[in-house]
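Here's a quick briefing to read alongside the model. Have the sequence and the 3D view open as you go.

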There are 2 protein chains.
Amino acid sequence: MKYLITGSNGFVGRYFIEYLKNNEKEAVIYGADISENSLNPDITYIQIDLNDRFAVYRMLEKIKPDYIIHLAAMSSVAQSWQDPAKCFLHNTSVFLNIADGVRELDIKCRILSVGSSEEYGIYDEPMKENFVLHPKSPYSVARLSQEYLSKLYVDYFNLDIVMTRSFNHIGPRQNLKFVIPSFVHQLVKISKGKQKDIKVGNIDVVRDFLDVRDVVNAYYKILKNGKTREVYNVCSGKGVRLRDIIEMISAKLNITPKIIVDNNRLRANEIMSVIGDNSKLKTEIGWEPKYDLQTTLKEMILEII
Amino acid sequence: MKYLITGSNGFVGRYFIEYLKNNEKEAVIYGADISENSLNPDITYIQIDLNDRFAVYRMLEKIKPDYIIHLAAMSSVAQSWQDPAKCFLHNTSVFLNIADGVRELDIKCRILSVGSSEEYGIYDEPMKENFVLHPKSPYSVARLSQEYLSKLYVDYFNLDIVMTRSFNHIGPRQNLKFVIPSFVHQLVKISKGKQKDIKVGNIDVVRDFLDVRDVVNAYYKILKNGKTREVYNVCSGKGVRLRDIIEMISAKLNITPKIIVDNNRLRANEIMSVIGDNSKLKTEIGWEPKYDLQTTLKEMILEII
């Protein structure tokens, strides 16, 4: 089977490649990303700007993949407020280039279209796939468009697309601009006496964190067992307060840090609680998470200590 | 008051300018469109590619309009299937350039964002603004995105945006690629003995046609009396079968044409019936239509006979 992973140099892309190597020895893996070199030397790498429609077509025609795992995206809510038009270009338009390529070149493949928990908007309870969506940022409108378009391409062009709404990911090697790696990094520094206090944003928000290895396991299983045109939440099903994560990490490091709220880290209109319901993924796909939060946090500490 | 009309050379744009000239003598009118010259010589015209973000900013900074009537769009459903990415560029991205310009330059103005009946999808009854939307084409997803984004820009940036979902327009000077002008054109030819039969697509579909002069009257009134962040259906409230329109025109011309179905004019997945409910526009805005279908058709015949 030939797999094409867009955004293959990204956090999830790299783990997906590792997952494939460990679980499907005969997989032929192609990675596509914007940077010059692949972060993984054992795959066939294509440097590409996915906004270049013809480059996308040439790539698809050459590879004729059986599966496309479309991970490339501009996935920052904050950035989407700074440049909403760019957000649509790097999410909706890029997705359309791929879907149109598959349609026009008549490639028989299954596409995994990744969406976001951000599409739901504000709910007090664990969000289910059938909830009404209330996008609250340009990023979430772009993701919602991608979902609508995916369904149209299935209905009218018989494309085989499966979709996710993915919640927060965490794991070793995650970029420091994300909240949990930032906590781990700061707290390890404090434990070594290199930093005094931990600087945070709003740590009373509740989020649903899933280990990136459970994420890629879910993506793989959705590709294999998912139903065309269906959307699956990818999440742990548990809400955790950021404040409690700071405590968990601090306990492992045997420190009691002083917490300083940094106004620059506060976001306007932040959604207080985001928790997903993963029963569809468990029941219909046969997925179970393998990493608990404590294990993941421990690995994230060990990685840099 | 300074009015900026994007798409000022378009069918609706030209009528909106006429409406302003007749109803608000002191209005200062700016028109913006892609072609070199204005079709109306009495306005201040800006030739512009609205995808050029900086050109949009310069234009807005120079004019500082009180009202923006954003009519420029790629509004063909058929074209949106041929090039969906382009459809997003010419609808969503263009709208974002304008909204971002207003936001970043802090211009105090009201924006009219035009949406489409296509956003609704399939309903058996007259569609109301509070119905759940089921977009069935890339065009309708793009329009729906524009609506979501409009609401976000009101909620988070305090922009003053009013929205429409506009149904089919008709009137003199409408482009022949649209169904009613094509009927009128063919039937007049038949009445003059220059054509034998009328070639049609699916004429059993029901649509809600509103005279373009009633449309611009609605747009003007929504600008003046509409509530920020609200969406208003702009429609006649009546469904008419295309077959009946052919009969009305034929009766006026005293002909009994032979109708030939041309397979090239049949569209896949055409929605059978589209009728809007205009009670919100009537009750909350104080709008009433002035043209009935028979009058409009008569004028469309007289224009070319």
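Two residues count as in contact if their C-beta atoms, placed from the backbone, lie within 7 Å. On that basis, residues 24 or more positions apart account for 79% of the contacts in chain A with a separation of 6 or more. This is a predicted model, where local features need pLDDT of at least 70, side-chain atom pairs count only at pLDDT 80 or more, and totals for chains, interfaces and linings use all residues. Residues are numbered from 1 along each chain as its sequence is written, with chains lettered from A and ligands numbered from 1 in the order in which they are written.

**Overall build**
- Chain A has 10 helices and 13 strands (DSSP runs, H or I of at least four residues for helices and E of at least two for strands, numbered from the N terminus).
- The C-alpha trace of chain A spans about 60 × 40 × 40 Å along its principal axes.
- Of the 305 residues in chain A, 46% are buried (20 or more other C-beta atoms within 10 Å of a residue's own; 12 or fewer is exposed, and in between is partly exposed).

**Parallel strands**
- Strands E1(A) (residues 2–6) and E2(A) (residues 28–33) pair in parallel over 5 bridges (pairing takes at least two DSSP bridges), and Leu4(A) sits opposite Tyr30(A) in E2(A).
- E2(A) also runs parallel to E3(A) (residues 44–47), joined by 4 bridges, with Gly31(A) facing Tyr45(A) in E3(A).

**Around Val261(A)**
- Val261(A) belongs to strand E13 (residues 258–261) of chain A.
- Val261(A) counts as exposed because it has 11 C-beta neighbours inside 10 Å.
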